[in-house]
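Hi,

Here is the structure I promised to pass on. Have a look at it first, and my notes on what turned up follow below.

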Amino acid sequence: MDVAEFRTGLNAWLDEHHDEIKPTYALPGTLDDHIAQMQRAKSILFDAGWMRWGWPERVGGLGGSPMLRTELGAAMAGRGLTDPGLYSLIEVLAPTLIDFAPPALAAEVVPRLLSGAELWCQGFSEPGTGSDLSSLSCRAVPDGDADTATTWVINGQKVWTSLAQYSDRCVLLTRTGPPDSRHRGITAFFVDMDTPGITVAPLEMINGDFEFAEVFFDDVVVPADRMLGELNGGWSVAMSILPYERSSCYWQRLAYLYRRLQMLVDAAPVNERSAETVGNVFLQLHALRARSRLTQYRLAAGETLGPETSIDKVLVATAEQTTYEAVRRLLVGVVETDDGVSGEMWRREYLYSRASTIYGGTVEVQRNIIAQRLLQLGATT
Ligand SMILES: Cc1cc2nc3c(=O)[nH]c(=O)nc-3n(C[C@H](O)[C@H](O)[C@H](O)COP(=O)(O)OP(=O)(O)OC[C@H]3O[C@@H](n4cnc5c(N)ncnc54)[C@H](O)[C@@H]3O)c2cc1C
């Protein structure tokens, strides 16, 4: 199925099934509501087939270009049917399992993620190890010789793990080489979150949601066949996420930001100040749109994406913060003092937008990459 055909069929289907798939909670909804809605929507979409397009047949998919998934995510976000941040975890984690898990494991679990039967989280960051991911220290030790071990024992801590308290599984990066082995001594595991020894302590974000958590691992025993990729090959696993995170995920976020811009236009006073502010947001969203589409075409054509995706990351973070600054500027007082439904929604989203320059790689670090690796400015580190 080609992208245009998919889009037409999908939109017709979504129009027809709007009442079945639309959120049922009272607006603006809690994080629990948003997660329940996403899982319910995924289940309906999976049963109807839409959620399976763009995924390989060996994991329950119907095949076709990954751009079909991008279309679905954007349609869901653009129609306000799922939160794009929560939904994007599919794109971040399912390709990892497909590319690096033993085939039988991928065939078993990927359909469970796609159909809303499970949620997964990404255990990369640690206290003191965010931007400098290769210095992580959560340790995995084999029960005997590393090549023949049947189990590994994990000890350490992760932090900022999105949705850990809701998750059934975790894609976890561990240290398996010497402490100073950096990116050469990291191994990825796919860990069941109900394994004894795992403690999840949710953390409150600035907007009041408990969306991420600290996760503690105390003598957590993981079967060796849950290793993703090669022993000490975890850096490739971590890097493989980037192309998906920085292509289809951004297309969803963009659809959602266009929707928010339209809501702002509908609510803002009609004057010169509004026109200028809205125009500036539109330009930023449009620049991101052009850039992101190019990245998606490159990915679909099988090109290897690299440091140039740092540009996409800076554009999406800047566009998101500019959109919400415009809300604050034009809907005077709504973010700060309005306790009604729309005030609650804008405040929560405004505060969340502050994180867009941090998660998925901070913009400062992306600007370093752009300067050093794309523009050849200064020494590389
Ligand atoms: C909402 C949200 C969700 C998240 N979800 C997850 C998740 O699910 N899983 C996960 O593993 N992680 C997650 N994270 C963590 C995120 O990946 C890290 O916060 C991010 O990589 C930054 O790392 P850090 O917090 O340790 O900050 P640090 O790396 O300590 O950076 C602190 C400051 O120093 C700056 N800085 C650091 N190094 C340099 C440098 N070389 N040059 C210039 N400036 C520099 C940074 O830009 C930043 O401003 C999430 C974060 C947020 C905010």
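**Thr309 and its contacts**

Leaving out residues up to four places away in sequence, Thr309 touches Leu242, Arg246 and Thr295. Before you go further, keep in mind that this is a predicted model. Thr309 is found in helix α11, which covers residues 309-330. With a relative accessible area of 2%, Thr309 falls under the 20% cut-off and so counts as buried.

**Around the ligand**

Some polar distances to go with that: a polar backbone atom of Ser125 is 2.7 Å from an oxygen atom of the ligand, and a backbone N or O atom of Phe124 lies 3.0 Å from an oxygen atom of the ligand. On the nitrogen side, an N or O atom in the side chain of Asn368 is 2.8 Å from a nitrogen atom of the ligand.

**Aromatic pairs**

How many aromatic pairs are there? With ring centres within 6.5 Å as the criterion, the count comes to eight aromatic pairs. Take Trp120 and Phe190: their ring centres are 5.0 Å apart and the planes meet at 75 degrees, so this pair is edge-to-face. Trp120 belongs to strand β1 (residues 120-123) and Phe190 to strand β5 (residues 186-192), so the pair ties together parts that are 70 residues apart in sequence. Trp120 is buried at a relative accessible area of 1%, and Phe190 is buried too, at 0%.

Tyr352 and Tyr359 make a tilted pair, with 6.2 Å from centre to centre and 40 degrees between the planes. Are these two buried or partly exposed? Tyr352 is buried, with a relative accessible area of 18%, while Tyr359 counts as partly exposed at 31%.

There is also one aromatic cluster formed by Phe6, Trp13 and Trp50.

**Charges over rings**

Two arginines are worth a click here. The charged end of Arg52 sits over the ring of Phe46, 5.6 Å from the ring centre. Arg293 lies over the face of Tyr297, with 5.7 Å to the ring centre.

**Helix α6**

Helix α6 runs over residues 103-114, which makes twelve residues. From its first C-alpha to its last, α6 reaches 16 Å, close to the 16 Å expected at 1.5 Å a residue. Which residues of α6 are buried? They are Leu105, Ala106, Val109, Val110, Pro111, Leu113 and Leu114. The cover over these buried residues includes helices α3 (31-47) and α5 (84-100), along with strands β1, β4 (169-175) and β5. β1 and β5 are also the strands that hold Trp120 and Phe190. Just after α6, Gly116 takes a positive phi of about 80 degrees.

**An exposed loop residue**

Last one: Ile358 is found in the loop between α13 (341-353) and α14 (363-374). Its relative accessible area is 54%, past the 50% cut-off, so Ile358 counts as exposed. Along the chain Ile358 and Asp192 are 166 residues apart, and their C-alpha atoms are separated by 27 Å.

Over to you!

Key:
Residues are numbered from 1 along each chain as its sequence is written. Side-chain values use heavy atoms; hydrogens and water are left out. Rings of Phe, Tyr and Trp (its six-membered ring) pair if their centres lie within 6.5 Å; planes under 30 degrees apart count as stacked, over 60 as edge-to-face and the rest as tilted. Helices (H or I, at least four residues) and strands (E, at least two) are DSSP runs, numbered from the N terminus. Buried means under 20% relative accessible area, exposed over 50%, partly exposed in between (1.4 Å probe, protein chains only). A charge sits over a ring if NZ of Lys or CZ of Arg is within 6 Å of the ring centre and within 35 degrees of the ring normal. Contact means heavy atoms within 4.5 Å. The expected span of a helix is 1.5 Å times one less than its number of residues. A polar contact is a pair of N or O atoms within 3.5 Å; within protein, one must be able to donate a hydrogen and the other to accept it, and residues adjacent in sequence count only if both atoms are side-chain atoms.
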